[in-house]
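Please read them with the coordinates open.

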Amino acid sequence: MSTLITAAELDAFMQQTVDPDLADHLLAAVTAEAQEATRQDIVEVADDVVTLPGRADRVITLPQRPVTSVASVVLDGETLTAGTDYVLVAGKLWRVSTNAASVGSHWGHLDDLVVITYSHGYSAAAMPTWVKDIAKAACARVLGRVGVDGTVADVHAGGGERAIVQETAGSYSVTYASAGRSDAVDAGALLTSGERRRLERGLRRRPMSVAVA
């Protein structure tokens, strides 16, 4: 499974080697929670297939972003040609012209189906630094409680877990004081409410189409 950061990046951030099984589980869990919070496949997905209803309009917005490529578009059984029948602009497919066999310069009707095969999300090399910083901070909170080898460490004499007061990951910094703070981690959650909001807002502002070298 692709994750927001790699195990090597986590080791470098923690400045020690995290148990491989623990790292794999933690990275997968943080990635899954971030994607659930944003309702986006943040990590890259190749040749994803989505079926959408037709519409009497020139534009269809693809549900996942950023869009890296569109492999094929089939409208009501007819395979369309990129550049001739449609163009990809900022995560949207625009109908630009028509030919004798096509429905017209729109995306058909509600009872038509538009089947789109496209790739989306960020590769490891293209993952934004601020997203990685959030993932590192989330992982660090867990590892601060369980230790990099998966054993519980650093507890108060009274048996309570050590409270993490402040964490900094690159340009990202967050402070936690008590469970009552609005930025506190919910029970069973890995991301704070603030991190969830930042992911949602930040990904909405990101380009919906990215170039792939």
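1. Asp57 is partly exposed, with a relative accessible area of 30%, where buried means under 20% relative accessible area, exposed over 50%, and partly exposed in between (1.4 Å probe, protein chains only). Its side chain meets that of Arg55 in a salt bridge with an N to O distance of 3.3 Å, a salt bridge being a side-chain nitrogen of Lys or Arg within 4 Å of a carboxyl oxygen of Asp or Glu. Arg55 is likewise partly exposed, at 38%.

2. On provenance, this is a predicted model, in which local features need pLDDT of at least 70 and side-chain atom pairs count only at pLDDT 80 or more, while totals for chains, interfaces and linings use all residues. Residues are numbered from 1 along each chain as its sequence is written, and side-chain values use heavy atoms, with hydrogens and water left out.

3. Confidence deserves attention before any detail is read. The mean pLDDT (the predictor's confidence in each residue, from 0 to 100) is 80, and 74% of the residues reach 70 or more. The lowest confidence falls in strand β9 (residues 172-175), with a mean of 42, and the highest in β7, at 97. Over residues 152-187 pLDDT stays under 50, although the model has 65 contacts beyond four places in sequence for this stretch, a contact meaning heavy atoms within 4.5 Å. Where pLDDT is low, the predicted coordinates should not be read in detail.

4. The protein has four helices and nine strands, and along the sequence they follow the pattern α-α-β-β-β-β-β-β-β-α-β-β-α. Helices (H or I, at least four residues) and strands (E, at least two) are DSSP runs, numbered from the N terminus. Of the 213 residues, 41% are buried. Among contacts with a separation of 6 or more, 70% join residues 24 or more positions apart.

5. Which strands make up the open sheet, and in what order? Four strands form it, in the order β1-β7-β3-β4, with antiparallel pairing; two strands pair if DSSP finds at least two bridges between them. At the edges stand β1 (45-53) and β4 (78-79), each with a single partner strand, so one side of each is left without a neighbour in the sheet. Strand β3 (residues 67-75) is joined to β7 (residues 113-120) by seven bridges, and within this pair Ser69 stands opposite Ser119 of β7.

6. A hairpin is formed by β5 and β6, with two residues between them, and Ala90 in the turn has a positive phi of about 50 degrees. Four bridges join β5 (residues 86-89) to β6 (residues 92-95), the two running antiparallel, and Tyr86 has Arg95 of β6 as its bridge partner.

7. Helix α3 (residues 129-146) has 18 residues and reaches 26 Å from its first C-alpha to its last, close to the 26 Å expected at 1.5 Å a residue, the expected span being 1.5 Å times one less than the number of residues. Because 15 of the 18 residues of α3 are buried, the helix is largely enclosed by the rest of the structure. Gly147, which follows α3, has a positive phi near 85 degrees.

8. What links α3 to other helices through charged side chains? Five salt bridges are found in the whole structure. In one of them, Lys132 meets Glu9 at 2.7 Å, N to O; Lys132 lies in α3 and Glu9 in helix α1 (residues 7-14), so the pair ties together parts that are 123 residues apart in sequence. Lys132 counts as buried at 14%, whereas Glu9 is partly exposed at 23%. Glu195 forms another with Arg141, the closest N and O atoms being 2.8 Å apart; Glu195 lies in helix α4 (residues 193-205) and Arg141 in α3, so the pair ties together parts that are 54 residues apart in sequence. Glu195 is buried at 0%, and Arg141 is buried at 4%.

9. A cis peptide bond joins Arg65 and Pro66, with omega about -5 degrees, and Pro66 is found in the loop between β2 (59-61) and β3. Gln15 has a positive phi near 60 degrees, in a residue other than glycine; it sits in the loop between α1 and α2 (20-38) and is exposed at 73%. Arg39, also other than glycine, has a positive phi near 55 degrees, lies in the loop between α2 and β1, and is exposed at 57%.
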